[in-house]
Amino acid sequence: MNLMEDTISRKQAGRRSADAFWEWFEINEGRFREAEGDAPKVSAFLDELMARLQLFNRWLKVLIGPYARGQWELIITADADIALFSRVEELVSAAPALKGWKFTALKPGFGLDQIRIDMYDREFSARTMQFYPEINPVYPDKIKIVLVHKEYDPAKADEFRMGSFILVENGIGELAAATRIDEYHVRSFPAEAEGIGLIPLDKLDKYLAWREKEFIEKYEHVGNVRPKGQWGVLEGKTLDDHLIFAAVNRAYKDWEFKPAYPWLGMVEIRYRGDKRGLPSEAQFREMDQMEKDIVSLLPPEKVIHAGHTTINHCRTVYLFTSDYRAIANPVMDYVEEKGKTPYKMEFFIRKDKYWEGLGDFA
């Protein structure tokens, strides 16, 4: 089977498992409505629903709740894992039109002025919280948000961070929370920074939409103009004395339009290797071919193959893209298939407008 045939077969398998999930749901959804108020029956239905969902993708989750009078809403969520957003959208797009049900891809936003989260014996809401943006002149396009809670206690920073994230995600929605904010922190208002003005939390969604629009307009003219490739191979040691090998396209090191490709996709290929954590020559060749195969699946006009590092039993491939959807499903399909081989593979996507994920190589 060649690469194209293999890709087609994976896509067909995905469609079949999506169809199988909805066929089961259409046959069994009445059990949920009939079990309303019967906790054991509801729990049994949800357990079976999750088992069916995991046949499509083992990382996705569901939420079910009332939507309107006589209607229920089934939400498929990726728990803010950007690499899985396309999987969620793929599944929901295959949903049937079913009376009494609304199917939603990713947790929707209910408005930060409409909700409150009670956790850790304190309230997280627009009444108890405000925010301000923190602008770094070196990275002007990075959207860093500082959330301010009037009862903030640095000794319980993790609690404040978790409660604040849950509030923001439910307020502006899973998609916006994961894709519009590059970095966020929770603090008390810094008294020494008198020039900082606090903004009501219910204005956060509008602020993020404005910054996103400004960013798109700034880089929409970049197109496909890129520097000519200058690949280099580097060798060195880490501070903890691990050997590291890197192949990096150095042409992009000082490229001013990096933010036009703000999404970093990282494919980790784990191998057994030798005592120094390095692969054998055969493993090197196999992983080089796997890397080429992955790149060949992606639209070249939307993706920049920035290079890879090999260290401590792991090859990491770095892919920057203008649209995370362009790499999500193709790479996920490949990883799920090749993950059955002796190489354990994982795939992540995160926002990285200034290519900081490449460290000193960027």
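Which residues in H3 meet which residues in H8?

Tutor: The model is a predicted one, in which local features need pLDDT of at least 70 and side-chain atom pairs count only at pLDDT 80 or more, whereas totals for chains, interfaces and linings use all residues. Residues are numbered from 1 along each chain as its sequence is written, and side-chain values use heavy atoms, with hydrogens and water left out.

On the H3 side the residues are Ser86, Arg87, Glu89 and Glu90, and they meet Arg325, Ala328, Asn329, Met332, Asp333 and Glu336 in H8. Contact here means heavy atoms within 4.5 Å. By class, the contact of H3 with H8 has two nonpolar, two polar and six charged residues. In this classification Ala, Val, Leu, Ile, Met, Phe, Trp, Tyr, Cys and Pro are nonpolar, Asp, Glu, Lys and Arg are charged, and the others, Gly among them, are polar.

Two packed helices are described by the angle between their axes and the distance between the axes. The axes of H3 and H8 (residues 325-338) come within 8 Å and cross at roughly 90 degrees. Axes are lines fitted to C-alpha atoms, for helices over the stretch in contact, and angles run from 0 to 180 degrees between N-to-C directions. H3 and H8 are therefore roughly perpendicular to each other, a term that covers angles of 65 to 115 degrees. Helices (H or I, at least four residues) and strands (E, at least two) are DSSP runs, numbered from the N terminus.

Ser86 belongs to H3, which spans residues 85-93. With a relative accessibility of 7%, Ser86 counts as buried, the cut-offs being under 20% relative accessible area for buried, over 50% for exposed and partly exposed in between (1.4 Å probe, protein chains only). Apart from neighbours within four places in sequence, Ser86 is in contact with Tyr324, Arg325, Ala328 and Asn329.

The sheet comes next. Helix H7 (residues 281-296) lies across E12 (263-270), E13, E14 and E15, and runs at about 20 degrees to E14. H8 also packs on the sheet, where it touches E12, E13, E14 and E15, and its direction makes about 165 degrees with that of E15. The sheet is open and has six strands in the order E10-E11-E13-E14-E12-E15, with antiparallel pairing. Strands E10 (231-237) and E15 (344-351) stand at the edges, each with a single partner strand, so one side of each is left without a neighbour in the sheet. From one strand to the next, the twist averages 15 degrees.

Strands pair if DSSP finds at least two bridges between them. E10 and E11 are antiparallel over seven bridges, and Lys237 has Leu243 in E11 as its bridge partner. Five bridges join E11 (residues 243-249) to E13, again antiparallel, with Ala246 opposite Thr309 in E13. Strand E13 (residues 303-311) is mostly covered, seven of its nine residues being buried. Eight bridges join E13 and E14 (residues 314-321) in the antiparallel sense, and Val303 stands opposite Thr321 in E14. E13 and E14 form a hairpin with two residues between them, and Asn312 in the turn has a positive phi of about 50 degrees.

Methods:
Angles under 35 degrees count as roughly parallel, over 145 as roughly antiparallel, 65 to 115 as roughly perpendicular and the rest as oblique.
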